[in-house]
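I opened this notebook to record what I looked up, one topic at a time. The entries follow the order in which I consulted the structure.

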Amino acid sequence: MKKTFDIHVKEFKPLISPTEMKQVLPLTDAAAHTVVSGRKEVADILTGKEDRLLIIAGPCSIHDPEAALEYAHKLMALRREVADKINLIMRVYFEKPRTTVGWKGLINDPFLDASYNVNAGLETARKLLIDINDTGLPTATEILDPITPQYIAGLLAWVAVGARTTESQTHREMASGLSMPVGFKNSTDGRITAAVNAIQAAGSPQHFLGIDPDGRSSVVSTTGNPFCHLVLRGGATPNYDPVSVGRARTILREQHLPDRLIIDCSHDNSGQKFTGQAFVFKSALDQRLEGNSGIMGLMLESNLFEGRQNCPGDGCALKYGVSITDECISWETTEQLIRCAYSQL
Ligand SMILES: O=C[C@H](O)[C@H](O)COP(=O)(O)O
Ligand SMILES: C=C(OP(=O)(O)O)C(=O)O
């Protein structure tokens, strides 16, 4: 009989189960405390119970845990200093959505050599998240693969669904079961309709296919996530200006959804240039200072050093602390921007 399935599948490799991974890398008491208080702080900002500014700063993607931890220590020290006015949490992104093809992040290809050792990628990601949370610094990431949450979601205070997946039913279903606030990005063309629909879908109970903690295929039933919100990341044109922000908030209110949102200072708001992020940050901050409390948070793509480099280099060794995906601002600029915001808030 002719083979009718898996025609284009080359190989299946078993994954360690989430439960097994948690036995090897258990959640610590200190990390659990950071996660629970981090989530509550973000939820309180979203619901208006507290008025601190949320800032999510960190690399576009993690490829070197050592550099990520060095960044985390710097951010944690700053978090302590600005804590009375700013809730600072770290972008720790392990999964990259690609416009066409490219390196898809540390979980997918942790050794940056097309060996796709996903078991090692998940383990490295979980270990790094434990280490960062142990310092007291809450973490944020984009979840791209709906299998990933069972391995790392217990260590995250905030999650993004990206511009390329906000319209996906699978991602909305996944978000409906996540334990932390979830930000839906507007679509890459700039439209916010898919994100607004996503907030409604993810806020509702869902029944879908996923895995359980033992890694078994399961029907997952959720209660709906009450803490979903919008992230403006620009599109065909930027959307951090007062008119775009006002329009987005009106649409959210008309749909009886939370009208507090986050402005991503990078991506199509910065013209994908690291040099553009400071301008967006200052403009969004000015709006907030002028009374627009609907801008509850800002996101910065930031690394130890500015710019980006090709992955995995053009025959040269990678430079330490420099992004291998989108351009990032340097730590120095990040610190200046956050201190400047602190002095004005
Ligand atoms: O933030 C990261 C990138 O903008 C996103 O992953 C898309 O990248 P690409 O267009 O280079 O594939
Ligand atoms: C991929 C990202 O963003 P977006 O979905 O807005 O392109 C990101 O923040 O890394």
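**Strands**

The model I am reading is a predicted one. I then looked up the pairing of the two strands β8 and β9, and found that they run in the parallel sense over 3 bridges.

Next I asked which residues of β9 are buried on each side. Strand β9 spans residues 261-264, with L261 and I263 buried on one side and I262 and D264 buried on the other. Both faces of β9 are therefore covered, given that a residue counts as buried when 20 or more other C-beta atoms lie within 10 Å of its own. I noted the general rule beside this entry: side chains in a regular strand alternate between the two faces of the sheet.

I turned to β1 and β2, which also pair in the parallel sense, over 5 bridges. L53 has I86 in β2 as its bridge partner. I found 6 of the 6 residues of β2 buried, so β2 is largely enclosed by the rest of the structure.

**Helix α2**

I looked up helix α2, which covers residues 29-46 and has 18 residues. From first C-alpha to last it reaches 26 Å, close to the 26 Å expected at 1.5 Å a residue. Its buried residues are A31, T34, V35, G38, E41, V42, I45 and L46.

I then listed what the buried residues of α2 pack against: the strands β1, β2, β4, β8 and β10, together with helix α4. Just after α2, I noted that G48 has a positive phi of about 85°.

**Residue A198**

I located A198 in helix α7, residues 193-202. Is A198 buried or exposed? It has 26 C-beta neighbours inside 10 Å, so A198 counts as buried. Leaving out residues up to four places away in sequence, A198 touches V161, T166, R172 and F184. From C60, A198 is 138 residues away in sequence and 23 Å away in space, C-alpha to C-alpha.

**Ligands**

Around ligand 1 I found C60, K96, P97, R98, T99, G102, H267, T325 and D326. By class, this shell has 2 nonpolar, 4 polar and 3 charged residues.

Around ligand 2 I found C60, Y93, P97, E142, G162, A163, R164, K185, R233 and H267. The shell of ligand 2 divides into 4 nonpolar, 2 polar and 4 charged residues.

How values were computed: Residues are numbered from 1 along each chain as its sequence is written. Chains are lettered from A and ligands numbered from 1 in the order in which they are written. This is a predicted model: local features need pLDDT of at least 70, side-chain atom pairs count only at pLDDT 80 or more; totals for chains, interfaces and linings use all residues. A residue is near a molecule or strand if its C-beta atom, placed from the backbone, lies within 6 Å of it. Ala, Val, Leu, Ile, Met, Phe, Trp, Tyr, Cys and Pro count as nonpolar, Asp, Glu, Lys and Arg as charged, and the others, Gly among them, as polar. Helices (H or I, at least four residues) and strands (E, at least two) are DSSP runs, numbered from the N terminus. The expected span of a helix is 1.5 Å times one less than its number of residues. A residue is buried if 20 or more other C-beta atoms lie within 10 Å of its own, exposed if 12 or fewer, and partly exposed in between; C-beta atoms are placed from the backbone. Two residues are in contact if their C-beta atoms, placed from the backbone, lie within 7 Å. Two strands pair if DSSP finds at least two bridges between them.
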